[in-house]
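Dear colleague,

I am passing on the model we talked about, and below it I have set out what came out of the analysis. Please read the notes with the coordinates open beside them.

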2 protein chains.
Amino acid sequence: MARLPEYLRALHNLAETGHETVSSEGLANAAGVNSAKLRKDLSQLGSYGTRGVGYDVGLLIDQIEYVLGLTQRRAVALVGVGNLGHALAGYDGFASRGFRIAALFDADQERVGEEINGLVVQHIDELPRVAAEESIAIGVIATPATAAQRVADQLVAVGVTSILNFAPCVLSVPEGVDVRKVDLAIELQILSFHEHRKASLTALPAAGGSALTALPGGLAVTESQEAIGT
Amino acid sequence: MARLPEYLRALHNLAETGHETVSSEGLANAAGVNSAKLRKDLSQLGSYGTRGVGYDVGLLIDQIEYVLGLTQRRAVALVGVGNLGHALAGYDGFASRGFRIAALFDADQERVGEEINGLVVQHIDELPRVAAEESIAIGVIATPATAAQRVADQLVAVGVTSILNFAPCVLSVPEGVDVRKVDLAIELQILSFHEHRKASLTALPAAGGSALTALPGGLAVTESQEAIGT
DNA sequence: CGCGATTTGTGCACGTCTTCACAAGCGCCT
DNA sequence: AGGCGCTTGTGAAGACGTGCACAAATCGCG
């Protein structure tokens, strides 16, 4: 499930604050989900909480980390060292949560050779050589949209089977390769949509405006989708 | 719907390449979704495509932009000018897609006064004054997790009703305030999960491993969730 | 003017996800 | 040792999203 990482983060928080066990209710609150949903998710894991007590925090962390495949520190290749790529390369949240940025690439010779956070930016053509030296399973694309598909193809060619794409475009990849997309502008647009909806509702509580304002009733949006990641 | 922004991006692409009309099939491909799904989404909009021809690209763009509330250029306040905040402040994808970064804030006096992309970083205590001068509807939080909740409270206090949260923590906000969360590490962990699953499947096609490896059948993950944002 | 090719809009069925509610189990206290 | 309160795990019902398949509508061409 896509919620497991959120549980994991909440569990780490709890562990740091000295909790040894958590109830499903407590963990659900910390992760921002329903307690029944959490219990069902955890039961699918085969994880055993003890009734009347709750879940063992440390044990649960181990289990979730195992299922997520975080027992091995996965090597990540980051392509595109522009504005966003720079930030990603320097983001310590990756290192602290089971990932290691193994190499930085860019197509711009201007940027090749630059050192970021102890890593030297290499030219994208070096990708096959680097991939041969250490197994890279995950690629992060932080290039402009025009370059993204080409980079994706190159990543796939050297055996990368999971891609995190920050470029605003859809990637076509062969079957078996997973792509997740994060588009910052889209996130804002979704918020803007909610803003617009809220404004319409307060301005004209029941009156039908123009044909465009109407939103024929089908567009009722899910209430309070608070704190849901991707 | 959360897919509207994706359609919009695809439509802009099509418009730039000279297309006047699109079939649902064509647009669906460009946006990476099923054509039936796209038609259903668009019909909810009340948008009229013409049968036998397709959709008018320009008209559809206008309609979607209206529904998303992009006819007005919304002012965004960005709080936290660290590694990620820097990148966000410099990201031109915001400006080009209907948003204007109106102000930058940070709690660190060290960073106050710094100029990024033509904007001067102000201290977070200035937030009420700035918010009084121009209406800010959307706030972006790019602070460490420890500061995120406090910042969120401050944003809500000055009337912000939509928050985009990059900090790895859940925010509690009053009803009527929308929060969207983007956690970069979680995205990677989800990919790692798929990697782990793929590796387990190829390594032991039918053999049951340890109790932990078992994944009692219920954990079948959605196949090919390619190119889905958020 | 009529016909065929094409494409939208949608009814229907299916599978998934979510939530409630409750039985089963565990520990603690007396 | 027994009972009581608390918590997990899960069955069932309902909401929701998805995709197929087809009728209705429109355009172009002869």
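**The surfaces near the DNA**

Of the 24 residues around DNA strand C, those that come nearest are G52(A), S24(B), G49(B), R51(B) and G52(B); please keep in mind throughout that this is a predicted model. Three helices each supply at least two residues of the surface near DNA strand C, namely α3 (35-44) of chain A and, from chain B, α2 (24-31) and α3 (35-44). The largest share, five residues, comes from α3(B). Sorted by class, the surface near DNA strand C holds seven nonpolar, ten polar and seven charged residues.

Around DNA strand D there are 23 residues, of which S24(A), R51(A), G52(A), N34(B) and G52(B) come nearest. Here the elements that give two or more residues are α2 (24-31) and α3 of chain A, together with α3 of chain B. For the surface near DNA strand D, α3(A) gives the most, with five residues, and the division by class is seven nonpolar, ten polar and six charged residues.

**The two chains**

The contact between the chains takes 70 residues from chain A and 70 residues from chain B. On the side of chain B that touches chain A, the largest share, 14 residues, comes from helix α9 (residues 184-203) of chain B. That side of chain B divides into 37 nonpolar, 20 polar and 13 charged residues.

**Fold and core**

Chain A has ten helices and ten strands, and 45% of its 230 residues count as buried. Among the contacts in chain A with a separation of 6 or more, 53% are between residues 24 or more positions apart.

The largest nonpolar core has 140 residues, and those with the most contacts inside it are L78(A), I141(A), I163(A), L78(B), I141(B) and I163(B). In soluble globular proteins, nonpolar side chains tend to be buried together.

The UniProt record, in an unreviewed entry, places the feature "domain: CoA-binding" at residues 69-170 of chain A. In the model, the end C-alpha atoms of residues 69-170 of chain A lie 26 Å apart, and the span is 31% helix and 28% strand.

**One position in a loop**

Finally, S172(B) has its place in the loop between β8 (162-165) and β9 (178-181) of chain B. Is S172(B) buried, exposed or partly exposed? S172(B) is partly exposed, because 13 other C-beta atoms lie within 10 Å, whereas a residue would need 20 or more to count as buried and 12 or fewer to count as exposed. From C-alpha to C-alpha, S172(B) and I64(B) are 30 Å apart in space, and 108 residues separate them in sequence.

With best wishes

Conventions: Residues numbered from 1 in each chain as written. Chains lettered and ligands numbered in written order. Predicted model: local features only at pLDDT ≥ 70, side-chain atom pairs only at ≥ 80, totals over all residues. Near = placed C-beta within 6 Å. Helix = DSSP H or I, 4+ residues; strand = E, 2+ residues; numbered from the N terminus. Nonpolar A, V, L, I, M, F, W, Y, C, P; charged D, E, K, R; others polar. Core = buried A, V, L, I, M, F, W, Y, C linked by C-beta atoms within 7 Å. UniProt positions renumbered as here; feature names shortened; annotations may be inferred. Contact = placed C-beta atoms within 7 Å.
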